[in-house]
Every structure is written in structure tokens, then in C-alpha cells.
Amino acid sequence: MASKRPQDPDVLHGHHVVSGPELRAAMEVARDADETARVRRRVLHGVVLVLLIGLIAAGIILALAIINGRLKIPSAEPAPTPVSSCPASMFDYTPTDKINLNVYNSTSRPGLAHSVADEFLARKFVVGNVSNINAGYRGVAAVVSGAAGQAAAFTVQRHVPGSDYFQDGRTDASVDVILAQDYKALVPAELVDQTPGKLSCPRENRRTADTDKLPVMPAAAPAP
């Protein structure tokens with residue numbers, strides 16, 4: 001009869017038997033891992049608490065700075081309303097025989113100033129200078145006067161559709177009409193509106209306005 005092999009005390013039915021030291025070592029490892037996780041949680045809680053306290057403190061300081069006026073929060077401000085250079089006064093229609101008018105041609109069309117001046121004469125305007133001139137104005141026509149001639153300029157504009165009013169520094173009531181490239185014709189005499197109204201400055205409604213304050217200096221215009 002064969003002799004039996006001595007049994008390994010660390011093996012029971014084919015399975016390893018955990019010894020006391022191994023069990024204690026495994027428990028120590030588990031305890032260390034749990035302690036590490038606990039430390040990490042404490043550190044995380046501490047960081048969150050510090051950040052929260054910092055945010056609260058910053059909010060209090062910011063609120064006190066605003067209350068004391070040391071800190072101003074920028075607010076959206078509406079864009080400034082453009083200031084119109086067009087007179088807002090209402091004017092009555094002035095009889096044409098009371099208006100002293102100068103007619104200038106700033107286009108390349110020869111004889112335009114004289115032909116338009118003749119039309120104004122036929123409507124009883126008192127026409128003075130008639131000549132060609134170089135002007136920076138772009139549009140239909142520039143109607144220029146001083147403050148004293150605004151009522152007369154209003155009447156002139158009723159005869160020149162689409163014209164633009166400009167005010168200069170003259171002290172008399174004379175009016176200049178500067179014909180530009182877009183000029184077509186005067187309003188037919190029988191269709192001229194003679195009701196009260198305002199001067200017209202259509203350039204202020206354009207996307208791009210002329211940069212010059214005045215299209216020309218009328219006083220520098222050549223004599224006919």
C-alpha cells in the first residue's frame with residue numbers, strides 16, 4: 001500500500017488557506033485605502049469650503065464698493081440723437097417779387113444757370129448774379145441764405161424740388177441757388193405749393209452726407 005503524501009497546510013481541497021498574517025496584511029491595506037479616501041474627501045471639502053468663503057467675501061466687498069460709489073457698473077447708454085442743422089421754424093410763402101436771387105451752375109451743362117434764371121425771372125423773382133461756379137455739393141440743388149433770408153429760401157425751395165438748404169453768415173435776405181448734377185427742372189409754376197412749411201434738408205436723411213458745412217462760399221462767386 002502506497003504511502004500518503006503529507007498534506008500542505010496552506011491548501012484545503014485545492015484552495016489556498018488564508019493565514020492570519022495574510023489576513024492582517026489585507027486588512028491593513030484596506031484600512032490604508034479607506035484612510036486615504038477619507039483624507040482626500042476632507043481635502044476636497046476644505047477646498048470647496050475655502051472657495052465658497054472666498055466667493056462670499058468677494059461678493060460682500062463688491063457690494064460695499066458699489067454702495068459706497070467706489071465702483072461703477074457701466075450701463076448701456078442710448079446713442080446720442082443726431083443734431084439737425086436744418087432750421088425747424090415754420091415759414092409762410094413769400095411773394096416772389098420780394099426775393100433777391102442769385103443763380104449758379106455747378107454742373108458741366110453749358111447755359112444751365114442762364115436758362116433757369118430766365119425761368120425765375122418769368123416767375124417774378126428778382127435775379128442778380130448768374131454764372132458758373134465750382135461747388136462741392138452733390139445732389140439736385142443747394143439753396144443758401146443767411147438767417148434773415150430763411151423765409152425767402154423756403155419759398156425758393158418750393159420751386160426747386162429736392163433742393164437742400166444751407167445757412168451761411170450773410171446778413172441780408174438774398175438767396176443763392178446752386179444747381180448740381182441731379183437737377184432736372186423747376187416745379188411748374190401753377191403747381192407750386194404756397195402753404196406754410198419748413199425748410200428742407202434731405203442730405204440729413206442720406207446714408208452718406210456731404211462733409212462740407214457749405215457747398216460753396218457764395219460771396220466768392222464770380223460776377224456774371
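This is a predicted model: local features need pLDDT of at least 70, side-chain atom pairs count only at pLDDT 80 or more; totals for chains, interfaces and linings use all residues.

Colleague: What makes E3 and E7 paired strands, and in which sense do they run?

Modeller: Strands (E, at least two residues) and helices (H or I, at least four) are DSSP runs, numbered from the N terminus. Two strands pair if DSSP finds at least two bridges between them. Five bridges join E3 to E7, so the pair meets that rule, and the two strands run parallel. Within this pair, Val-103 has Val-177 of E7 as its bridge partner.

Colleague: Why are E4 and E6 said to stand at the edges?

Modeller: The open sheet has five strands in the order E4-E3-E7-E5-E6, with mixed pairing. E4 and E6 (164–167) each have a single partner strand, so one side of each is left without a neighbour in the sheet. E4 pairs with E3 in the parallel sense over five bridges, and Tyr-104 stands opposite Ser-131 in E4. H2 packs on the sheet, touching E3, E4 and E7, and its direction makes about 155° with that of E3; such angles run from 0 to 180 degrees between N-to-C directions, the axes being lines fitted to C-alpha atoms, for helices over the stretch in contact.

Colleague: How do you know that E7 is largely enclosed by the rest of the structure?

Modeller: Buried means under 20% relative accessible area, exposed over 50%, and partly exposed in between (1.4 Å probe, protein chains only). Five of the five residues of E7 are buried, so the strand is largely enclosed. Val-175, Val-177 and Leu-179 point one way from E7, whereas Asp-176 and Ile-178 point the other way. In a regular strand the side chains alternate between the two faces of the sheet.

Colleague: Which residues touch the most other members of the largest nonpolar core?

Modeller: A nonpolar core is a set of buried Ala, Val, Leu, Ile, Met, Phe, Trp, Tyr and Cys residues joined through side-chain atoms within 4.5 Å. The largest one has 28 residues, and Phe-120 and Val-156 touch the most other members. H2 gives the most to this core, with five residues. Not counting residues up to four places away in sequence, Val-156 touches Ile-99, Leu-101, Phe-125, Val-143, Val-175 and Val-177. A second, separate core of eight residues includes Tyr-104, Ile-133, Tyr-137 and Phe-166.

Colleague: Why is the link of Cys-86 and Cys-201 called a disulfide?

Modeller: A disulfide is a pair of cysteine sulfur atoms within 2.5 Å. The S to S distance between Cys-86 and Cys-201 is 2.0 Å, so the pair qualifies. Cys-86 lies in the loop between H1 (20–67) and E3, and Cys-201 in the segment after E7, so the pair ties together parts that are 115 residues apart in sequence. Cys-86 has a relative accessible area of 15% and is therefore buried; Cys-201, at 8%, is buried too.

Colleague: Is Lys-124 buried or exposed?

Modeller: Lys-124 has a relative accessible area of 58%, and is therefore exposed. Lys-124 is found in the loop between H2 and E4 (126–132) and has a positive phi of about 80° although it is not a glycine. Most residues other than glycine have a negative phi.

Colleague: What makes Gln-167 partly exposed?

Modeller: Gln-167, in strand E6, has a relative accessible area of 36%, so the residue is classed as partly exposed.

Technical notes
Residues are numbered from 1 along each chain as its sequence is written. Side-chain values use heavy atoms; hydrogens and water are left out. Contact means heavy atoms within 4.5 Å.
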